[in-house]
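Walk me through this structure, one contact at a time.

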Amino acid sequence: MTTASPPSRLSNATLGRIAAGVARPDYDRATLRTGIVHFGPGAFHRAHQAFHVDRLLKADPRWGICDVALRGTSITDALTAQDGLFTIAEMRSAPAYRVVGSIREAFAARSQAEDVLARLRAETVQAVTMTVTENGYCLTRSGDLDTGRAEIAHDLAAPQAPMSLIGWLVEGLAQRRRAGLPPYAMISCDNVADNGARLKRAVVQFAQARDPDLARWIEGEAHVPSTMVDSITPAGDEALKARVAARLGVLDQIPVQREPYVQWVMEDSPGMPGPDWAAAGVTVTRDVAGYEQAKLRILNGAHSTLAYLGLLRGRKTTRDAMADAMLARFARALVGEDIAPSLTPPPGLDLPAYIDTVLERIANPAITHQLSQIAWDGSLKLPYRLFGPIEAALEAGRPLDRLAVPIAAWMRFVRARARDGGELIDPLRGRLLELGAATTGEAANDTMLFLGLDGVFPRALAHAARFSLAVAQAYEAIGDAGALPGDGW
């Protein structure tokens, strides 16, 4: 009996054999040069930044990417074995597949340090991007460089053998300065507010500890724009690999999946070296904060609203919540009539169209986004997502009826977890469970218990009579089952 041989692996050699209908690089990969170094070659980078750069390369092959893993070798080994190729599977009712060729090479920093430094000091490299999560910037709560972190202490003692992102960036800049080269642009692609300013502060503070002249050069010459990124990118698994192999006809060990929507907003920094980002589909603007605020209040505000009301109503996922006609109608009214008036959209952002897009994304039937996960850390998330619109409505004299509902629903959610012993993930878990256990179901009593949380509700807001009354009325109306009136409020 013969056994079927495993499928060929995705590579330059097999690229021409992938199935028809799969998008693939429309440029000659042999002509690519390395112009971008990226730290953190995880799924989001490959689904997002590498995708955008891929769109540039037919017209301008200077911007091939060198991926660098600060820890581990599994992704860089797989990228090397596949000549940097990988597949993006767009999650929709009829999935779409695209092979991306923008990654030219990949290195593991701990075992290939000289290769990484050679790229950082290369004249062709003009931009360094990164997705390392907020923790990777080694910052204190106040936003300063945390010199007490072990990797920062190591890098200050042995700067030519860095371990941290900040150490690598500064050593690369130091070598470029000695070679008479300008600094590369440093572009944070992590979902951190004001990420450019925070990154530059950390880099300059590290350089100051090494060499004040180097720090002054970086501060005066380096471009470090702030950015905003957005695209739902669920983790991959063996089922994804199997789907991609079946569609391509070759094996891809590192495919990624994401929703069709992808957004990258970058601060306009005149004279910044690097690609024509706008040509890659990046929104270049002087108001990144305006886009961040719109995302936070509309997308994330809708998510929290659907999570707490949806869980009370027995829904499990965002698509389930949006399939609940009454709940979907309420969410649309909330973001369109109550949250949108709190925003001043930046130039280029069509707010009504953005709202439509957000609600379509949330309802995407191909994405399983658990409401229970969105409900995590409510005491931290709600102030950023919903208090701004509430305070704006108070100041303008607009109604609070709908805006109070997600706040009251969170209180009901905590009460339910305290009563049934369900999971509650929150930095204030212990205190919240105490409050939940002390609730009686009577609105005036219960809502005042929660509004007394100084670490969550600002005193001025908690004592605003219109707000506390609206929350009590919403708490009473929705009850423990997440009831909504028939007209969707």
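At what angle do the axes of helix α16 and helix α17 cross, and within what distance do they come? The model is predicted. In it, the axes of α16 (residues 404–420) and α17 (residues 429–438) cross at roughly 85 degrees. They come within 8 Å. Angles of 65 to 115 degrees count as roughly perpendicular. The two helices α16 and α17 are therefore roughly perpendicular to each other. On the α16 side, the contact is made by W410, V414, R415, R417 and A418. On the α17 side, L432, L433, G436 and A437 take part. By class, this contact of α16 with α17 has six nonpolar residues, one polar and two charged.

A second helix pair can be read in the same way. Two packed helices are described by the angle between their axes and the distance between the axes. Helix α6 (residues 165–178) packs with helix α8 (residues 212–221) at an angle of about 95 degrees. Their axes are 11 Å apart. Helices α6 and α8 are therefore roughly perpendicular to each other. From α6, the residues V170, L173, A174 and R177 meet D213, L214, W217 and I218 of α8. Six residues in this contact of α6 with α8 are nonpolar, none is polar and two are charged.

Now turn to the charged pairs. The whole structure holds 26 salt bridges. One of them joins the side chains of E90 and R258, at 3.6 Å from N to O. Are E90 and R258 buried or exposed? Both E90 and R258 are buried.

R198 pairs with E134, and their closest N and O atoms are 3.1 Å apart. R198 belongs to helix α7 (residues 195–210). E134 lies in the loop between β6 (127–130) and α5 (150–157). The pair is 64 residues apart and links distant parts of the chain. R198 counts as partly exposed because its relative accessibility is 24%. E134 is also partly exposed, with a relative accessible area of 46%.

The side chains of D144 and R201 form another salt bridge, at 2.7 Å from N to O. D144 lies in the loop between β6 and α5 and R201 in helix α7, so this pair ties together parts 57 residues apart in sequence. D144 has a relative accessible area of 24%, so D144 is partly exposed. R201 is partly exposed too, at 38%. Elsewhere, salt bridges that share partners join R412, R415, R419 and D480 into one network.

Next come the rings. The structure holds seven aromatic pairs. The ring centres of F39 and W168 are 6.5 Å apart and their planes stand at 40 degrees, so the pair is tilted. F39 is in strand β1 (residues 34–39), and W168 is in helix α6. They are 129 residues apart, and the pair links distant parts of the chain. F39 counts as buried because its relative accessibility is 0%. W168 counts as buried at 1%. There is also a cluster: ring pairs link F387, W410, F450, F457 and F467.

A375 is found in the loop between α14 (371–374) and α15 (378–396). A375 counts as buried because its relative accessibility is 4%. What does A375 contact, leaving aside its neighbours within four places in sequence? A375 is in contact with A307, Y308, L311 and F413. A375 and T305 are 70 residues apart in sequence, yet 9.2 Å apart in space, C-alpha to C-alpha.

N364 lies in the loop between α13 (351–362) and α14. N364 is buried, with a relative accessible area of 11%. Not counting residues up to four places away in sequence, N364 touches M91, R92, E259, P260 and R319.

How values were computed:
Residues numbered from 1 in each chain as written. Predicted model: local features only at pLDDT ≥ 70, side-chain atom pairs only at ≥ 80, totals over all residues. Heavy atoms only, no water. Axes fitted to C-alpha atoms, helices over the stretch in contact; angles between N-to-C directions. Helix = DSSP H or I, 4+ residues; strand = E, 2+ residues; numbered from the N terminus. Parallel < 35°, antiparallel > 145°, perpendicular 65-115°, else oblique. Contact = heavy atoms within 4.5 Å. Nonpolar A, V, L, I, M, F, W, Y, C, P; charged D, E, K, R; others polar. Salt bridge = Lys/Arg side-chain N within 4 Å of Asp/Glu carboxyl O. Buried < 20%, exposed > 50% of the residue type's maximum accessible area, 1.4 Å probe, protein only. Phe/Tyr/Trp six-rings, centres within 6.5 Å; stacked < 30°, edge-to-face > 60°.
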